[in-house]
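Trainee: I would like to understand one chain of this assembly and how it meets its neighbours. Could you take me through it slowly?

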Amino acid sequence: MADLTQSSTLQTSVSTPLRPRIKLRHVVDHAILIAGAFLMLFPVVLVLMTTSFEDADIVKHGLQLGFEGKMLENFEAAMFEASGFTKTITGTRMLMNSMILGLGFAIGKIVISMMAAYAIVYFRLRFATLAFWIIFTTLLLPLEVRILPSYEAIQSLGLANTYTGLIVPLIASATGTFFFRQFFRSIPEELVEAARIDGAGPVKFFIDIIIPLSRTMIAAIFIIMFVYGWNQYLWPTLITTDEGMFTLVRGIKQIVQVLSQTGAMIPEYGKALALSLIAMIPPVLIVIFFQSWFVKGLTESDK
Amino acid sequence: MTFWKIAALNVAVAISATAAWAETEITLWHAMGGQLGETVNKIAEDFNAAQDDYKITPVFKGSYEETLTAGIAAFRAGEQPNIMQVFDAGAATVIGAKGATIPVQDLLTENGVDFDINDYISGVRYFYADSDGKMIGMPFNSSSPIMYFNVDALEKAGVSAPKTWEEFQSVTAPALKDAGYIALAQSHLPWIFTENFMSRHDLPFATNNNGYDGAEGTEILVNNDAIKAHFTALTEWKENGLFEWYGTGWGDNQQPFEDGDVAIWLGSSGSFGGLMSKDLGFEFSATVLPYWEAVTTEPKQTFIGGASLFAMSGHDAEENEAAAKFFEYLTSPEVQYFWHQETGYVPITEAAYALAKEDGHYDRFPAAEVGIQQLSLPGGENTKGYRMGFYVQIRDVMNREYGRILSGETSVEDAFANIEKEANDLLARFAKTQG
Amino acid sequence: MKRAGFTTVWLPVALLLPQLLIIAIFFYWPAAWAVQSSFYLQDPFGFGSTFVGFENYTDLLQNVEYAKVARFTVIYTVLVTFFSLALALLLAVKADAVIRGAKTYRTLLMWVYAIAPPVAGFLGLMFFDQRNGPLTEMFQFFGWDFRLGADFNSTATAMVIVAVWKQIPVNFIFFLSGLQSIPKSVREAALIDNRSATGRFWDVTFPLLAPTAFFLLIINITYSLFDTFGIVDTLVRSEPGNNPVTLVYKVFVDGFRGNDLGGSSAQSVILMILVLVLTIFQFRLIERRIHYT
């Protein structure tokens with residue numbers, strides 16, 4: 001509010017006759033923003049509305065405006081109805097798997113990269129630079145490019161269809177390490193000196209000083225990594241073929257396959273759409289609620 | 001409800017059996033999703049309940065391609081299942097890798113199961129066999145492309161289902177168009193209008209005896225005048241509103257038939273069960289695929305589609321015995337008839353076919369017999385099957401080029417030249433992988 | 001390194017070990033494997049293999065279709081990058097200009113970031129459905145016979161639209177934070193010097209945003225090349241046919257659908273080189289950035 005009065009006084013002082021035009025400008029600004037927000041929001045709202053319709057209606061008419069009475073039923077089916085051949089896969093199960101993947105990936109990445117970054121920054125190691133470059137080179141190749149041999153590696157270690165096989169190969173990149181390295185280097189050197197004078201060892205220093213200082217950064221990185229892990233598609237598609245291991249995003253592939261081969265039954269569009277919404281909810285909520293951390297993490301970690 | 005009771009009972013029996021006996025456990029990887037998968041499950045449960053020595057666990061592995069890839073990767077890691085389902089297009093890859101599988105004929109005879117290839121209906125007999133006629137893979141879910149039609153639409157137009165493409169072009173299609181229908185759609189161009197076009201018209205599909213005599217030097221013979229004339233006709237029909245193509249997706253092409261917009265749809269005999277279970281709002285029936293009288297006056301049988309089961313090597317004798325017993329159970333007339341009824345896939349043995357007839361299945365559902373009738377038509381020199389490596393990719397090439405023809409991006413002539421060249425490059429590359 | 005540091009030896013080694021181990025197994029070994037197998041043609045089951053030298057590469061480079069896929073990937077990347085940057089910039093400038101409701105707009109414009117690409121692709125399937133997709137109907141209203149899955153340009157359009165929709169939030173966040181870091185004094189000076197808002201934007205704001213924009217360029221190119229895999233896969237429903245695909249998707253199709261390990265590995269190596277070039281470019285950019293700020 002303070003800003004508002006300030007800027008308008010500034011503008012009036014510049015030229016009073018322009019006032020109506022300035023107002024028009026504001027209207028245009030808001031119109032553009034509303035249009036943008038609408039474009040972002042409307043597709044998902046429309047899908048949400050459609051989940052309240054009968055499957056037969058959706059098959060015939062596609063996405064629907066308005067509300068009917070089927071929503072609860074469709075969400076319930078998506079969450080709890082066992083589907084697939086083995087009857088082990090439900091929405092809750094996939095939600096759990098996605099949670100494990102998102103959390104496991106985020107935590108694993110943070111722990112491993114913090115450790116590595118700490119070692120690189122705070123120790124006098126002859127091969128620290130070498131280690132840094134060995135790790136840093138992994139930024140070169142996204143998993144998509146080395147997907148085939150990674151799959152081979154997981155298979156020969158017998159880790160297909162395991163959470164370890166799902167999570168660990170995704171951690172094999174340097175994004176986190178690189179970020180924590182940058183951050184640690186911005187911590188004033190005097191702190192280390194002070195700690196050493198106090199006689200604190202490296203472990204104590206890490207736990208008492210570094211971790212508390214990094215708290216905000218850890219939170220920011222956690223959000224980004226959680227969303228990244230949750231949204232993984234190609235890797236879970238390849239590595240999990242047992243239905244009990246499906247994540248929500250992987251389940252979407254199965255849905256698309258079933259829907260595109262009109263089989264014996266009326267395709268369960270309502271349930272499928274509900275499931276796609278369930279797949280969005282947790283990461284979206286995290287991003288919305290921890291917005292400022294998330295924005296900070298995103299804009300600072302990628303620099 | 002009774003189904004669930006029986007299933008529960010079977011599970012209970014299986015569990016108690018586990019407790020009582022040291023069973024030999026084997027696994028089956030398959031690509032049968034949805035209702036088909038439930039039928040596989042039922043067969044497996046019944047097999048487990050029927051005896052105490054063996055226990056099979058079916059595992060759904062995704063699409064055909066995903067199942068094949070998963071099986072290959074597992075084999076490389078020494079974790080292969082006992083039985084793996086492989087679709088028609090993957091046959092060359094699996095059969096080419098000698099040592100990856102145990103020929104099913106050997107597996108059965110070694111384990112004391114009677115085997116006579118002549119027990120199988122003629123259309124399925126040699127597709128998964130080697131060039132000496134030894135059966136390598138057990139034909140499991142066998143289907144054939146057939147012609148479904150909207151009976152009401154044909155009546156309205158005053159025509160009957162066309163026997164030949166000439167009849168379709170000059171009589172059926174124009175009448176259907178006048179009656180307000182799109183006359184024709186189909187769901188799988190490489191399968192229906194290429195592979196089975198070749199067998200229906202008894203045209204050679206590849207050199208080296210359709211590829212059966214080995215990968216070395218095998219070349220595709222797809223660039224011929226008969227099929228080019230067929231695709232030229234398709235583009236003309238499409239321009240005149242007699243034929244429509246809705247993309248590569250199977251369902252996208254089936255849907256307009258179900259909606260009643262398209263009068264004749266070429267699909268799989270395995271689609272029958274699905275169509276029956278839907279409330280279509282019109283009566284439908286089916287018959288054999290038309291042929292071009294200009295190409296042949298003696299149309300032949302078609303190839304089987306679908307997939308077969310391969311026994312993977314690298315397991316001990318007990319597990320192989322269990323696999324053999326499962327195959328024996330699977331090919332028994334009763335189980336085959338059950339499978340046929342539930343899914344619409346054809347029964348693979350003469351005995352099962354006889355049982356279905358005897359039981360009056362085809363009196364109740366005449367269209368259910370079309371697939372097997374078509375597979376039992378007289379064979380020719382080129383109708384026993386084809387064997388080409390990297391065939392999944394060759395099909396992708398066909399789909400791409402056919403799509404380009406039908407969306408007007410390329411000419412029939414260029415498309416087939418392209419298919420021929422790319423397919424032959426792939427075949428040559430495949431031959432080297434076998435070295 | 002001039003930093004003060006601890007001198008223990010075993011501890012840093014122990015701290016580094018997990019990361020190095022994971023990287024060795026899941027990065028260096030696979031990368032080496034891909035390079036090696038790109039020189040062979042091998043039976044997928046691992047029975048036979050033939051050393052073919054550079055044949056997998058020469059086959060690819062002579063293949064007209066591979067060139068077409070590469071060309072589409074470039075066009076797709078340019079379109080996705082351009083539209084998602086342009087729209088995000090517009091929205092960020094407006095969001096920076098308004099005072100009322102700024103926070104709400106920010107939230108509404110960025111949450112789509114959290115949606116997984118294949119989920120976005122699935123929504124795309126519904127919106128562009130051949131029979132009853134609302135956007136299909138819109139295109140048809142304007143006289144374009146839009147047919148997802150049957151017509152190359154239709155599918156390509158759908159891919160671009162979904163990919164742009166999904167990417168606007170990231171660009172928006174970066175642009176907005178870039179705008180907000182422009183010092184107030186600079187803005188006020190500009191306000192007095194230059195009356196036209198458009199002129200102010202191009203003369204003052206845009207140059208100050210240029211480093212952010214360059215950086216985003218790289219992010220967006222990487223996104224279009226790799227992260228849109230899920231969008232492509234859902235929109236073509238795993239059956240490419242005559243539909244457009246990107247280079248990464250082709251690696252997957254040839255390797256996992258077609259079991260052509262050698263050909264697929266050669267494609268991977270080509271992509272590795274591409275990413276290497278991009279990364280070197282990115283490093284130089286970052287260096288310059290650090291130098292200037």
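Mentor: Happy to! On chain C, helix H1 (residues 10-37) gives the most to the side that touches chain A, with 20 residues. Helices (H or I, at least four residues) and strands (E, at least two) are DSSP runs, numbered from the N terminus.

A word on the ground rules: this is a predicted model, where local features need pLDDT of at least 70, side-chain atom pairs count only at pLDDT 80 or more, and totals for chains, interfaces and linings use all residues. Residues are numbered from 1 along each chain as its sequence is written, chains are lettered from A and ligands numbered from 1 in the order in which they are written, and side-chain values use heavy atoms, with hydrogens and water left out.

Back to chain A: 95 residues of chain C and 110 residues of chain A take part in the contact, which here means heavy atoms within 4.5 Å. About 9700 Å² is buried between the two chains, and carbon and sulfur atoms give 77% of it. Buried area is the accessible area (1.4 Å probe) that two parts lose on being put together, summed over both. The count of salt bridges between chain C and chain A is 1, and C:Lys94 forms a salt bridge with A:Asp29, with the closest N and O atoms 3.1 Å apart. The term means a side-chain nitrogen of Lys or Arg within 4 Å of a carboxyl oxygen of Asp or Glu.

Now turn to chain B. That contact takes 37 residues from chain C and 41 residues from chain B, and it buries about 3300 Å², of which carbon and sulfur atoms give 48%. Here the count is 10 salt bridges; in one between B:Arg429 and C:Asp59, N and O are 2.9 Å apart. There are also 18 residue pairs in polar contact (both at pLDDT 80 or more) across the interface of chain C and chain B. Several elements of chain C each supply at least two residues to this side, including strand S1 (40-42), helix H2 (55-62) and helix H11 (247-257). The most comes from H11(C), with 4 residues.

Conventions. Polar contact = N/O pair within 3.5 Å; in protein donor to acceptor, adjacent residues only side chain to side chain.
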